Amino acid sequence: MERYPLIADHGLVGDLQTTAVVSSEGVVDWFCAPRCDAPSVFGSLLDHDRGGYFRISPDHPDNSCKQLYYPNTAVLVTRFMSPDGVGEVLDWMPPHRVGVATDRHTLIRVLRCMRGQVTFTLECRPRFDYGRAAHELSLTDAEAAEFRSPALDAHLQATFPLERDGEDVMASITLAAGETAGAVFTVCAPDGPAPAPPTAAALTEQLWDTVDFWQAWVRTSRYSGRWPDMVHRSAITLKLLTYLPTGAPIAAATMGLPEQVGGERNWDYRYTWIRDGSLSVRALLDLGFAEEASAFTGWLTDRLAKQRDGRSEPLQIMYRVDGDPHLPEEILDHLEGYRASYPVRLGNGAADQLQLDIYGEALYALAQERGAETQPNYRAWRAIARMLDWLATAWDRPDEGIWETRGGQQHFTYSRVMTWTAFDRGLKLARDFSRPADLPGWTTARDAVLEQAMEHGWSSTEQALCQHYGSDVLDASLLLIPRVGFLSATDPAWLSTLDAMNRKLVSDSLVYRYDPAASPDGLRGSEGTFSLCTFLHVDALTRAGRLEQARFAFEKMLTYANHVGLFAEEIGPSGEQLGNFPQAFTHLSLIMAASTLDEALDRKGV
């Protein structure tokens, strides 16, 4: 068992309220409960010795591994091959169908021998509350164990004998071809009842029930383009990252994974950013998944209705999945971090930043393809209108920008682009559905934003729109300009900006978000290319009519996906995946780029 497997050497399973990350060696090294933003139960991804893990794998010295998903599902298959035989571990979490929050979550692990003979070893070593809470173990019978901690209990039940190893559990089982076994790990509130003992029939039924759920959901997609496997894997990933009880998508399943191994750019991404959430549901809506969009609209409306305590802004940039705005940042100094990438941060201090672009992303999502049956209800519209009335008086000021820099506020050009988008889409909604609105005031503000951004955001040196006023630094966030319609995709000013980005930010089709050396962001170290920006670049190239370049960049970027089609936040200098995993931003932008490129290629007949 490798102490710290590559970030990319993992798959993701989940039940629509929380997720588990499973390495290609059969190790669950990240699992939080009862929600994704709750404390970890298994966290060896951030500290091998203190974090805890749940391993099921053969110990054969010549063992090799292969990991894959059962088609169009979130059922993960890890296959082990050795001279003695071929075995598999199937991992899944039965999805919750009703949007009611629960503290009970189940991870099912089924062991199978396909050929020959395979001896599997099980190690279950939970470490509750990021390894800060002690637990007590009870073996309730030969095939069942109970772990008790102050805030959470866990039950491990198997179809084979378990043994105590201190306060942890170990086991070994040898299977011949055609034989199966199972281990079920269930978390619940303290003193919660133990689940029924697993049986082969029950596990088989739960497996096919889960397969049917995911495949039925994917069949509702209206995507019929050239890259269905990657697009639908991205859609499933966004669905897994969405908290069903509220409809709130999180930015990533993990926290603390570094943008530079050994560096300090290690953030907690298990929260709902207005920006990321809005674009996630927009991507799903583009594929026809309207139910997810409706749920997020309700969550967002609730946030607008509950204006921030003591603050004038209608929205905070991020929240917990239940809408709690309190995300104090602290350092878990007892954890060494992934491959000594320290500090490990819990919470996110950027929550209190001013980022004016979030209103544009929110309206961009809300205004997409709404018919009479999906128009905003009156309560939602009043919240939107109040937000835009506020923005009309508050847009002309510096903020921290999309990248949440900690080097001071600036007049970021991207914030102006998305402020313009907020007014533009708000005006569209008001006119389309005849809603009460300050149309003259919003129109005046929209036009003033565009004129100011074009005058002060333009760099004569680079002949491009740049990161912030008075700067010559390029910023890949502006690749969204033609998508939202701030400028036409063939406007000379935009094409000149795109050419400048190609010169300065693109490295063999991969795109850096900006140059930290040229625009200090208050943090030490460097970072890789930003996968979101690479896919946005594909989208922008396509809209500019550069289809050959766009298709090459897109299909090359797909080769950087991991073995099961997942992406982290960044691609490092050696082609490795960096940052939290899997990243919603990357997968939503893949869907956007694929859809735009497909439509353009179809029009061209290629």
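The face of helix 2 turned away from its buried side carries Ala201, Glu205 and Arg219, which are exposed. Exposed here denotes over 50% relative accessible area, buried under 20%, and partly exposed the range in between, with a 1.4 Å probe and protein chains only. Helices (H or I, at least four residues) and strands (E, at least two) are DSSP runs numbered from the N terminus.

Before I continue, a word on provenance. This is a predicted model, in which local features need pLDDT of at least 70 and side-chain atom pairs count only at pLDDT 80 or more, while totals for chains, interfaces and linings use all residues. Residues are numbered from 1 along each chain as its sequence is written, and side-chain values use heavy atoms, with hydrogens and water left out.

I return to helix 2, which comprises 20 residues, 200–219. From first C-alpha to last, helix 2 reaches 29 Å, close to the 28 Å expected at 1.5 Å a residue; the expected span is 1.5 Å times one less than the number of residues. Which residues of helix 2 are buried? They are Leu203, Leu207, Thr210, Val211, Phe213, Trp214, Trp217 and Val218. These residues lie on the same side of helix 2 because they cover an arc of only 155 degrees around the axis, the arc being that of the directions from the helix axis to the C-beta atoms.

Let me turn to the cores. A nonpolar core is a set of buried Ala, Val, Leu, Ile, Met, Phe, Trp, Tyr and Cys residues joined through side-chain atoms within 4.5 Å. The largest has 192 residues, and Phe31, Phe54, Leu122, Leu156, Phe185 and Phe554 have the most contacts inside it. Helix 14 (residues 584–604) supplies the largest share of this core, 11 residues. A second, separate core of 10 residues includes Val77, Trp92, Val110 and Leu203.

Contact means heavy atoms within 4.5 Å. Beyond its neighbours within four places in sequence, Phe54 has contacts that include Val27, Phe42, Arg109, Leu122 and Phe185. Val27 belongs to strand 3 (residues 27–32) and is buried, at a relative accessible area of 3%. Although Val27 and Phe54 are 27 residues apart along the chain, their C-alpha atoms are separated by 5.6 Å.

Next, the strand pairings. Two strands pair if DSSP finds at least two bridges between them. Strand 1 (residues 10–14) is joined to strand 2 (residues 19–23) by 5 bridges, and the two run antiparallel. Together they form a hairpin with 4 residues between them, where Leu16 in the turn has a positive phi of about 80 degrees. Gly14 stands opposite Thr19 in strand 2. Both faces of strand 1 are covered: His10, Leu12 and Gly14 are buried on one side, Gly11 and Val13 on the other.

An open antiparallel sheet consists of 3 strands in the order 28-29-30. Its edge strands are strand 28 (529–530) and strand 30 (577–578), each pairing on one side only. Thr529 stands opposite Ile571 in strand 29.

Finally, Arg425, in helix 8 (residues 413–432). Is Arg425 buried or exposed? Arg425 counts as buried, at 11% relative accessibility. Its contacts outside four places in sequence include Leu363, Tyr364, Ala367 and Arg483.
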